[in-house]
Amino acid sequence: MIDPADGRAMLDGLRVVDMTSVVFGPYCTQILADFGADVTKVEAPGGDGFRYAASPAQTLGMGPAFIALNRGKKSVMLDLKLEADREAMREMLREADIFIHNVRAEAIGRLGFGYEDVRELAPHIIYVHCVGFGSDGPYAGLQAYDDVIQAGTGTTTLLPRVDGDPRPRYLPSLIADKVAGLHAAYAVMAAVIHRLRTGEGQHVEVPMFEAFSSFMLKEHLGGITFDPPVGQACYARQIDPHRQPFPTSDGYVSVVPYRPQHFCEVIAILGDEEFARQERFSTLPGIIAAVPELYDRIAALTPKFTTAEVVALMHANDMPAMAVRDMADMASEPHLTATGFMTRREHPSEGAHLEMREPSRFSGWEQAEPAPAPLLGQHNKP
């Protein structure tokens, strides 16, 4: 067994055959690769479709999002309709610890790589199936994309609750895909620990719909948690239309008066002590009843200051605050740059690019520079 205190990467020695595409599965296997697993990405002719998404790219098939999700992996191109390539796949699986894919069960079975087939090749394998919906429910086998999952989980009804526009809308992020990828990563690691303890492999199913439902409903199940319900769905603080970034003289700022008494403290810090000291704010019920008015008062005061001035005032008084940054400015965000999270690297074919390191830090391991995202079929045998 690997010595856990030897400074090597935590997943060093684990061999992963990765037949996933787009975001859900590749995000999981990128995490495994970052932690030291040997990940071989198996791609059909033409490659993972996400190679061509999120243009522009320097080279066709090496789009920026693909590079971000597939660093540290090898790429082998196989046409599993061909027996010679199926045999090459079987050869890889015999040596693998983990097989992860997002092919529908019927299709993977026809190719000869269902769980029972693979277990015959590698009895101790951890077989991970990334699916849209749990296989024991009425949606089993349906296609699932981020938009579909956001709609099905009620997520598209959150923004209407905030701004009053009744149209359901997607959050502008592949948030369901990425959350499901995180669930898959920890499920794999749990299965690895189980195998270390028992010597047994197993079949692991990670359903995107259930994973994202769990993620969103932690707070938003709200009052319908109880039977009978004691209130409405959703965490009221999150859907309060007044709870938005505040305007400043040169932009916007996030200030978080997290505890009820913080509202009056923030208003006093911003210069309106008379308003903050009103008797009606001396009790918790009084503050709670006036929360919309308190948010509005803060929003009326912050334009008298620059964003930097508001942040400095809040930090000097131990209040959470941060300037609102545009997404386009994140490449040069000072904290991320100073911590080494955002680094400039050279890709062999794509040239200079920005890369985000694994965000966790460990005292027993320092992450080495990962291998660059592979070209399609780069690691096929000659």
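**Entry: two helices, α11 and α14**

I began with a crossing: α11 and α14 cross in the left-handed sense. This is a predicted model, so I keep that in mind for every entry. Helix α11 covers residues 260–269 and helix α14 covers residues 291–301. I read off an angle of about 20° between them, with the axes 10 Å apart. That angle makes α11 roughly parallel to α14. Next I listed who touches whom: α11 brings F263, V266 and I267, and α14 brings V291, L294, Y295, R297, I298 and L301. Sorted by class, this contact has 8 nonpolar residues, no polar ones and 1 charged.

**Entry: α1 against α8**

A reminder to myself: two packed helices are described by the angle between their axes and the distance between the axes. For helix α1 (residues 24–34) and helix α8 (residues 175–198), I found about 45° and 7 Å. This makes α1 oblique to α8. The crossing of α1 with α8 is right-handed.

Which residues of α1 meet α8? I noted F24, Y27, C28, I31 and L32. Their partners in α8 are D177, K178, A180, G181, L182, A184, A185, V188 and M189. By class, the contact of α1 with α8 has 11 nonpolar, 1 polar and 2 charged residues.

**Entry: α8 against α9**

The axes of α8 and α9 come within 9 Å and cross at roughly 95°. The two helices are therefore roughly perpendicular to each other. On the α8 side, I175, A176, D177, V179, A180 and H183 make the contact, and on the α9 side M208, A211, F212 and F215 do. The classes here are 8 nonpolar, 1 polar and 1 charged.

**Entry: the sheet**

Time for the strands. I recalled that strands of a sheet pair through backbone hydrogen bonds, either parallel or antiparallel. In which order do the strands of the open sheet lie? I traced 6 strands as β3-β2-β1-β4-β5-β6, with parallel pairing. At the edges are β3 (73–77) and β6, each pairing on one side only. Neighbouring strands are turned by 20° against each other on average, with direction ignored.

Then I checked what packs on the sheet. Helix α9 touches β5 and β6, and its direction makes about 60° with that of β6. Helix α3 (residues 83–94) lies across β1 (15–19), β2 (38–43) and β4, and runs at about 145° to β1.

**Entry: a closer look at β5**

I zoomed in on β5, residues 126–131. Is this strand enclosed or open? Of its 6 residues, 6 are buried, so the strand is largely enclosed by the rest of the structure. I126, V128 and C130 point one way, while Y127, H129 and V131 point the other way.

Strand β4 (residues 98–101) runs parallel to β5, and 4 bridges join them. Within that pairing, F99 has Y127 as its bridge partner. Strand β6 (residues 202–207) also pairs with β5 in the parallel sense, over 6 bridges. There, I126 stands opposite Q202.

Leaving out residues up to four places away in sequence, H220 touches L158, A233, C234, Y235, Q238 and I239.

C234 lies in the loop between α9 and α10, and at 13% relative accessibility it counts as buried. Its phi is near 85°, a positive value in a residue other than glycine.

P228 is found in the loop between α9 and α10 (236–239). The peptide bond from D227 to P228 is cis, with omega near 5°.

**Entry: D318**

My last stop was D318, in the loop between α15 (307–316) and β9 (321–323). Its phi is near 60°, a positive value in a residue other than glycine. Is D318 buried or exposed? At 70% relative accessibility, D318 counts as exposed.

Notes:
Residues numbered from 1 in each chain as written. Predicted model: local features only at pLDDT ≥ 70, side-chain atom pairs only at ≥ 80, totals over all residues. Heavy atoms only, no water. Axes fitted to C-alpha atoms, helices over the stretch in contact; angles between N-to-C directions. Parallel < 35°, antiparallel > 145°, perpendicular 65-115°, else oblique. Left-handed = near helix turned anticlockwise from the far one by under 90°. Contact = heavy atoms within 4.5 Å. Nonpolar A, V, L, I, M, F, W, Y, C, P; charged D, E, K, R; others polar. Buried < 20%, exposed > 50% of the residue type's maximum accessible area, 1.4 Å probe, protein only. Pairing = 2+ DSSP bridges.
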